[in-house]
Amino acid sequence: MEIGLQIPSFKYPNGSRAIRPKLKEIVTTSEACGFHSLWVMDHYYQIENLFGEAYNDPMLESYTTLGYFAGLTEKAYLGVLVTGVIYRHPSVLLKMVNTLDILSGGRAYLGIGAAWYEGEAKGYGIPYPSTSERFEMLEENLQLAKELWSSDEGSFAGKHFNVPKITNNPRPLSDPHPRIMIGGMGPKKTLRMVAQYADACNFFEGAGMERVQQAIDTLKRHCENLNRDYDTVEKTSLGTVHLADGHDTVDGVLERVKNLSAMGFTHAIFNMPNVYEITPLETFAREIIPMAKEL
């Protein structure tokens, strides 16, 4: 089992001037501690009450942030968990992912989903289509990615996007392309698209293990229907760990990791409310990551 770190909060002591040096400390310590991957959210507003925060608390643009991470690291995989399809034209998004992959030495994921934060979109003046339209946009993003990454040039004509002549130069370094991860557990559309297009999926541990198991079973059925080898889909999870007095314990985290492994997950991603203290990362390095690698 690999362990990843999501960094969804930038509200650190000492304000905006502390963000750059604190992120550098978190990212370089995480890689030194053996974290397999580093992730950020794709938001412009903070998620209210994520860690007791308000919508207007600090939030960084995701791909710019990952570019900074790429320059600080050499081994950890990098991705957005997950990119909302409404925020960028898909051809521009693919150029951004290609760029991240090249500048990181082949360590980029394309994490993508249908987007959900309506208040954020409207606050920024970004069109927020219906649920059905956003899922159509998601599928067209995935189809364009497959088209572009199969050749040096491509074109695409869909219901929502027309891309008459897109180039793949420079080509990404990941072989055969950056891993496509779809986030979400929707049984009809999301999991069908995972089976059809994705290299990886991401399920929300906080939904409860019963709901997660249902998603796994549904994904298996979609794979069978599409003649996709279920075992070729990387199963990743996202959860929160708060290593502090009165909160989570190392034993409790290890039990969660063991349960996830038994369900077929190979990559558990965690965020931590107190990650800026650095001590939680060091605890993971000593007591959790070595045990997880044995699963």
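Reply: A charge sits over a ring if NZ of Lys or CZ of Arg is within 6 Å of the ring centre and within 35 degrees of the ring normal. Keep in mind that this is a predicted model. With that in hand, here's the case to look at: lysine 235 has its charged end over the ring of tyrosine 230, 3.8 Å from the ring's centre.

Now for rings meeting rings. A pair of aromatic rings is described by the distance of the centres and the angle of the planes. Searching the whole structure turns up 12 aromatic pairs. One of them is tyrosine 45 with tyrosine 117, an edge-to-face pair with 6.1 Å from centre to centre and 75° between the planes. This pair ties together distant parts of the chain, 72 residues apart. Tyrosine 45 is in the loop between strand S2 (37-40) and helix H2 (62-72), while tyrosine 117 is in the loop between strand S5 (109-113) and helix H4 (118-123). Both tyrosine 45 and tyrosine 117 are buried.

Then go to phenylalanine 203 and phenylalanine 265. Their ring centres are 6.1 Å apart and their planes stand at 80°, so this pair is edge-to-face; the cut-off for that label is over 60 degrees. Here, too, distant parts of the chain are linked, 62 residues apart: phenylalanine 203 belongs to strand S9 (residues 200-204), and phenylalanine 265 to the loop between helix H8 (250-262) and strand S11 (267-271). Phenylalanine 203 counts as buried because its relative accessibility is 1%. Phenylalanine 265 has a relative accessible area of 2%, so it is buried.

Back to the tyrosines for a moment. Tyr45 and Tyr117 belong to one aromatic cluster along with Tyr44, Tyr55, Tyr87, Trp116 and Tyr124.

How does that fit the whole protein? There are nine helices and 11 strands, and buried residues make up 53% of the 295 residues. Among contacts with a separation of 6 or more, 71% are between residues 24 or more positions apart. The radius of gyration is 19 Å, which agrees with the value near 19 Å that a compact globule of 295 residues would have. Along the principal axes, the C-alpha atoms fill a box of roughly 55 × 45 × 35 Å.

Technical notes
Residues numbered from 1 in each chain as written. Predicted model: local features only at pLDDT ≥ 70, side-chain atom pairs only at ≥ 80, totals over all residues. Heavy atoms only, no water. Phe/Tyr/Trp six-rings, centres within 6.5 Å; stacked < 30°, edge-to-face > 60°. Helix = DSSP H or I, 4+ residues; strand = E, 2+ residues; numbered from the N terminus. Buried < 20%, exposed > 50% of the residue type's maximum accessible area, 1.4 Å probe, protein only. Rg over C-alpha atoms; globule rule 2.2 N^0.38 Å. Contact = heavy atoms within 4.5 Å.
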